[in-house]
Amino acid sequence: MTHPRVAVVGTGVVGAMTAWRLARRGAEVVALDTYSPGHDRGASAGESRIFRTIYKEGPDYVPLLRRSGELWRELESTTATSLLTMCGGLTIGSPDHPDVRAVRACAEEHGLDHEVLDTAEARSRFPQHRVDDDEVIVLDPAAGVLRPEPAVQAALRAAEEAGASVLPYHPVDGVAETSSGWRITSGGKHFDVDHVVFAPGPWALRLEPLRTLPVEIRLITACWFAVHDPAAHRPDRLPIAVRRHREAGFSCFPVLDGVAIKIVPHHLGWPVLDDPDGLPRSADPEFARAASAAAARLLPGTTPHPVRIATFAEGFTPDEHALLGPLPGHRNATVMTGFSGHGFKLAPVFGEIGADLALRGSTGHDITRLAPGRRLP
Ligand SMILES: Cc1cc2nc3c(=O)[nH]c(=O)nc-3n(C[C@H](O)[C@H](O)[C@H](O)COP(=O)(O)OP(=O)(O)OC[C@H]3O[C@@H](n4cnc5c(N)ncnc54)[C@H](O)[C@@H]3O)c2cc1C
């Protein structure tokens with residue numbers, strides 16, 4: 001029996017997971033990336049990522065999240081690596097905030113375990129957060145913190161162990177459809193394959209067949225604030241959090257480096273970038289001042305100024321749901337991009353879906369919402 005040959009273009013978390021799932025199923029995989037595994041120029045780096053099961057983005061994600069959770073555990077055991085710490089997750093805000101309502105509605109619809117803490121209980125259980133008089137916390141026990149750089153590396157290691165050829169520092173500079181599949185070119189080398197999976201993250205529009213996809217590249221900035229009491233902010237005492245306050249909104253991650261918690265501000269905007277290679281690497285002082293004000297107001301255990309700031313590029317679609325499916329207008333090609341700031345936790349199941357599409361042309365997972373050719377606002 002011949003093994004289908006599949007090229008994966010881009011090995012951020014999504015391409016890495018796809019390469020792993022494909023290789024495990026016997027495909028002959030070549031996975032190429034411009035940079036090194038776990039690099040910090042795209043969307044899959046920055047120390048931590050949120051895993052949540054109660055999903056404000058839509059209850060139809062819940063089955064995908066459950067499967068992703070299983071695959072995260074499988075990757076951990078295959079590679080003897082710790083990637084996901086189930087520290088729980090908080091949504092903090094007024095009971096009328098749309099995200100608080102969406103989280104409660106999703107938990108109720110799927111019968112998911114959760115607790116709603118009133119203001120007094122919220123303050124006594126999680127004093128690391130300042131909770132205003134009219135606010136509550138919804139606690140998701142099936143949430144946790146993921147480690148992005150080791151995750152990408154683990155998936156690629158598992159892919160290689162299953163027979164994939166993983167090629168960092170191989171920017172793909174040519175993709176052409178052939179009579180039987182695709183010819184992928186990198187620096188004068190050619191790879192002839194039966195199917196190609198495009199997983200280029202925010203670089204999607206640089207590849208000719210993807211040039212017209214509705215993806216916008218945005219800059220997301222993360223800030224780390226040192227805490228006075230690191231032990232009180234570690235994952236065993238501080239869950240991940242989505243903070244929704246009338247003055248600020250951010251996601252918040254526990255101390256993993258022994259020093260600082262991380263916040264990713266949402267209320268300061270995620271500006272559009274013309275080109276992911278133009279990602280500014282330095283901090284904007286205005287942004288740092290505004291992020292510091294939010295931390296001072298809502299995170300009482302932090303020191304006043306960030307100790308670290310990092311910038312990332314991510315592709316967004318107009319409805320903020322990914323583009324995942326057969327590439328419109330082409331044969332033997334799958335596209336996976338535009339994860340819109342929430343793709344990391346789902347990357348293992350997206351990898352499984354990418355492998356289904358490359359090997360069988362269809363998947364048992366419901367990905368209607370993610371169809372690349374769907375009508376978008
Ligand atoms: C700051 C930040 C915080 C986030 N927080 C969360 C969170 O808490 N939880 C969550 O679930 N999600 C979160 N997300 C979203 C999630 O991290 C992304 O959706 C996910 O990492 C996207 O992965 P990717 O593989 O599509 O993209 P990338 O990681 O950018 O990977 C794309 C890869 O393709 C390569 N590439 C591109 N073009 C070529 C080419 N021509 N040739 C070869 N290689 C190429 C690039 O070098 C890159 O390695 C966050 C995103 C950011 C930026």
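Is Cys106 buried or exposed, and at what relative accessibility? Cys106 counts as buried, at 1% relative accessibility. The model is predicted: local features need pLDDT of at least 70 and side-chain atom pairs pLDDT 80 or more, while totals for chains, interfaces and linings use all residues. Residues are numbered from 1 along each chain as its sequence is written, and side-chain values use heavy atoms, leaving out hydrogens and water.

View 1. Around the ligand are 34 residues, each with a heavy atom within 4 Å of it. Asp33, His39, Ser44, Glu314 and Lys345 come nearest. By type, the shell divides into 18 nonpolar, twelve polar and four charged residues, with Gly counted as polar and Tyr, Cys and Pro among the nonpolar.

**View 2. Polar atoms at the ligand.** An oxygen atom of the ligand is 2.6 Å from a side-chain N or O atom of Lys345. For the side chain of Arg49, the distance from a ligand oxygen to an N or O atom is 2.9 Å. A polar backbone atom of His342 is 3.5 Å from an oxygen of the ligand. The protein covers 96% of the 1000 Å² of accessible area that the ligand has on its own (Shrake-Rupley method, 1.4 Å probe).

View 3. The structure holds zero disulfides (pairs of cysteine sulfur atoms within 2.5 Å). The closest cysteine sulfur to that of Cys106 is in Cys87, 18 Å away and so too far for a bond. Cys252 is also in no disulfide, with the sulfur of Cys87 10 Å away. Cys252 is buried at a relative accessible area of 1%, where buried means under 20% and exposed over 50%, with partly exposed in between (1.4 Å probe, protein chains only).

Key
A polar contact is a pair of N or O atoms within 3.5 Å; within protein, one must be able to donate a hydrogen and the other to accept it, and residues adjacent in sequence count only if both atoms are side-chain atoms.
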